[in-house]
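Have the structure open and follow along.

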Amino acid sequence: MNRPSRLKMAAIHAGLTLLCMATLYPVLWVVKMALSPTDGLALTANPFPETVTLEHFRQVLSGTDAAGRWVFGRQLLASIVVAGATTLVGLTLAVSAAYALSRFRFPGKEGGMQALLVTQMFPATLMMVPIYSILQKLHLLDSLTGLVLVYATTALPFCIWNLKGYFDTLPRELEEAAVMDGASTFQVFVRVVLPLARPALAVTALFSFMTAWNEFILAATLLNDPSRFTLPVALQRFVGEHKVEWGKFAAGALIVSAPVMALFFALQKHLVGGLTAGGVKG
Amino acid sequence: MSQWLGLALLATALSAHAAPETEKPLKLWHAYRGGEETALVQATELFTAKTGVQVELLALPYDAYAAKLTNAIPHGVGPDLFIFNHERLRNFHALHLMAPASGLAREDYFPNAVEALEVDGQVYGYPMSLKSLALYVNTKLVTQPPETTDALLAMLPALSDADAGRFGLAYESGDFYFHAGFLFGFGGELFDANGRASFDTQGMARSLAFVKDLQDRRFIPQEASGALVKSLFNDGRAAMIISGPWFAGEIAPNVDYRVVGLPVVSTTNIPIRPFLGVETAYVSARSKRAEQAQALARFISLGEASRVRAMVGRQIPADVAAYTLKEVREDTLISSFREAARHATPMPNTLEMARVWEPMKLALRAVLQGGTEPQDAGALADRRYRALHRERPPDASPLPWLGLVGAMALGGSVYVLRRPAATLPFKRRYPDVAQAVAYITPAAAGVAVLVFVPFAVGLSLSLFHHEAGEYSFVGLANFVDILASRGYSITEPLSFYFTLAVTLLWAVVNVVLHVSIGLFLALLLKDPLLKLRGVYRVLLIIPWAVPNYITALMWKGMFHRQFGAINGLLVALDLEPVSWFTRFSTAFAANVATNTWLGFPFMMVVALGALQSIPQELYEAAEVDGASKWTQFRRITLPLLRPAMLPAVILGSVWTFNMFNIIYLVSGGEPGGGTDILVSEAYRWAFQRNEQYGFAAAYSVLIFVVLLVWSAFTKRLMRSSSEVMG
């Protein structure tokens, strides 16, 4: 492969810098609102704050409820618990189901896979009414457990498809060799298949985590107790019908987005492989 | 299976309540903010100090509040009591949300406040405070407040200088709550003799013409939001504003002001008569501790609690005795509002009242922002009103449907049983079926309960009509209604076909933009020798990591008419600022811009992966053959990208088709529902237009059918593309 010329490289860098700036402009704008002392918007194109204060962050982070409990801490914990448990439950269910779909033959396999996809085409917000009643029957309304179960199962179709696609690409010879050496199917699954599928696992985990961490409508509907709110629901407080507290909303938005961004940063090497080798390949 | 059972058990254990009912605090829901919330907290603390009963407050965002109450209370997970404006009383009553106010003594309150809470002679709830609008006057700018609209019109030219951002008067002119006073002042009525809403009236046209004139002569700002009104008044750039008592807490300390009643309309000699709302403490019908809840509701509406709410929360008490207190009586704000409330129109607590907001908003915006003539706006609102409020379809017999379901089940089982017998016995055909079952059962059980069951329920809901908690079977009536587009020509918003066309346009434009931008960036980034490649990639992925409702709100802020960064950029470039949500084209563009920002990183990542899988040798061979870069791109890159990109494109199109958050939060369907897509339209029917779940489900089924057709079509595409590839 011949090296591109210097001029061409410079042009590419210039182009990418420009596009990155355009991409980051809204983010900078949020950072600016979060750091500026005012709580409103201002008609200006300048995305950098003129005066910097951490007051909005302090107010968001130190939020207490009427009883004086540190409600932000509880909400952060609720978010972490929900997103973590969703990832764990969702991934466990998806990995085993996807492995079975990839390796075993059983009746109803094709139909099941298709049915999983088909349900994704029904608007999620409208599934809310029946889900609400089901959770009530299970006594899981207003509980984080209920939320975790809903998140984990609604993310399953994508997770299963993504993992199955990846498992399909893994060579079976390795598993056969392990079986020759006397490993049980389960051992093969845990010791051979899972380590090989790491990129896809990482991406699927990221996807489950993100779904749970960012989801808003279901959480807002199913949870009633503010100490159990996840952060997106807590954030809603700053965006009222008649009044938007932009500074606090921006600070909260940055706090909510930061963990997912960190995860993206950590997993971005796997992102390309984990998504394209498997899943969306149908 | 055991895994699943274990989870279920764990779940029940975690959510079971350890403490007995009586030790738990009483739950009180409200939508107060700021000073009003502080006052409520103090009032409930007084109650706890007196009775020892703990109270747990939950402040809900106003938009979500009513839906949350109507969901939670019938399911027994709601609060013991809640505070709400009396306007939704009949609606809540129809849903059996609240218990009669058993501890209420009529003589404690203003008579009209109690009357507002009556249904069939029974009083529901304890009136807490009165809310209406009055005129705040900046006393530095206006020495003598206007008593008539003629006096007002005479003063405004001297007080206004729109180019300098100064206005004689400011209020949220696009909001019907604020306009209602003008409507009544110009002799308009909202309801006809039968109690039905009617909009096409003289009073309506005159009041709209008056306000339009104020706006055209630039005496009032366009598209004023609460935030704008506040900043104008605090900066001394608005001489007078119209607002409620809650506004007093937002006025900067250096502004000298006074509050007076709204002027009299000179042509009719009727005062501008704003709505009077009664903020009320209701006891939930499902409270297990009704007695304590009644006591708390009574407590916060009277005595010491109403003093606190008046002085700290700046609320106008509905409690007669409060005015015997010196500090309340001498408080000018409270006495002015109490005075202004005399002329106010009590807001009806009928179901009809809840139905006028959307049509009125449409009419107001059409006149103030869209250039509709004031005399035509009433007819516009009338049509929207009739379209939104469907009569209940006649009941249908479920028998044919049950028969159909039975026949399908029978046919299905016959088909399975009569299928040509397998050449191999079951055990041989599926040697590992036992293992497969073990691996798949946990996921299958979860999906069955929380995906397939809701899905099936959702599908079958489309055959029902839902009203006030009751479902009635109506067969295909919902579908007939939608597909016949009832009185709406297919080129208007609210017609199914119009919304479908917008949705398809939305999906196509977005997917094309996502794929082309994503692919373009991937081509720039693919060179492994490119320096800083990782940095660029991380920066460009950021939009994907931001939760999409945050993205939506962020961009909504950026498209703000007065203070948005986008208009800031336009102004910096010496261009006219754009009023983004008043025209279809710009509102749609705003939605697309937001969704493009959100969606291109996914396509970029997929395209990067696909590009990396193309063997480098192909290009080298092409190079040897003397093919140009463009030929290489067309002949190698594009065809090889197709099979990898196609599934992502299909997935992306389904996501975009159902992208509710962006539409709902960015344009909100403005103007007049024009930019709504099918899924946001379905949401409105379910959650904003009297819980018409069945009708919304029918919409969802149609969405589902469209996507099913689309997926069948794309399956063909995929098959043909894999045939091309061999």
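Before the first stop, a word on pairing: two strands count as paired when DSSP finds at least two bridges between them. Keep in mind that this is a predicted model. With that settled, look at S2(B), where Leu58(B) is the bridge partner of Trp29(B).

- Strand S1 (residues 26-30) of chain B runs parallel to S2(B), and five bridges join the two.
- What sits with these strands in a β-α-β unit? Helix H2 (residues 34-51) of chain B does: together with S1(B) and S2(B) it makes a unit that is right-handed.
- S2 (residues 55-59) of chain B has four buried residues out of five, so the rest of the structure largely encloses this strand.

- Strand S10 (residues 238-243) of chain B is mostly covered, with six of its six residues buried.
- On one pairing, S10(B) meets strand S8 (residues 134-138) of chain B in the antiparallel sense, over four bridges. Here Ile242(B) in S10(B) stands opposite Leu135(B).
- On another, S10(B) runs parallel to strand S9 (residues 167-170) of chain B, joined by three bridges. Met240(B) in S10(B) is the bridge partner of Leu169(B).
- If you're looking at side chains here, remember that in a regular strand they alternate between the two faces of the sheet.

**Helices H23 and H24 of chain B**
- Helix H24 (residues 565-572) of chain B has a set of buried residues: Ala565(B), Ile566(B), Asn567(B), Gly568(B) and Leu570(B).
- What covers them? The cover includes helix H1 (6-35) of chain A, together with helix H23 (548-558) of chain B.
- H23(B) and H24(B) pack at an angle of about 35 degrees, and their axes are 5 Å apart.
- At that contact, Trp555(B), Gly557(B) and Met558(B) from H23(B) meet Ala565(B), Ile566(B) and Asn567(B) from H24(B). Sorted by class, the contact has four nonpolar residues, two polar ones and no charged ones.
- Just after H24(B), check the backbone at Asp574(B), which takes a positive phi of about 70 degrees.

**Cysteines**
- How many disulfides does the structure hold over all chains? The count is zero.
- Are Cys20(A) and Cys159(A) buried or exposed? Buried means under 20% relative accessible area. Cys20(A) has a relative accessible area of 4%, so this residue is buried. Cys159(A) is buried too, with a relative accessible area of 1%.

Terms used:
Residues are numbered from 1 along each chain as its sequence is written. Chains are lettered from A and ligands numbered from 1 in the order in which they are written. This is a predicted model: local features need pLDDT of at least 70, side-chain atom pairs count only at pLDDT 80 or more; totals for chains, interfaces and linings use all residues. Side-chain values use heavy atoms; hydrogens and water are left out. Buried means under 20% relative accessible area, exposed over 50%, partly exposed in between (1.4 Å probe, protein chains only). A crossover is right-handed if, with the strands pointing away from the viewer, the path from the first strand over the helix to the second runs clockwise. Contact means heavy atoms within 4.5 Å. Axes are lines fitted to C-alpha atoms, for helices over the stretch in contact, and angles run from 0 to 180 degrees between N-to-C directions. Ala, Val, Leu, Ile, Met, Phe, Trp, Tyr, Cys and Pro count as nonpolar, Asp, Glu, Lys and Arg as charged, and the others, Gly among them, as polar. A disulfide is a pair of cysteine sulfur atoms within 2.5 Å.
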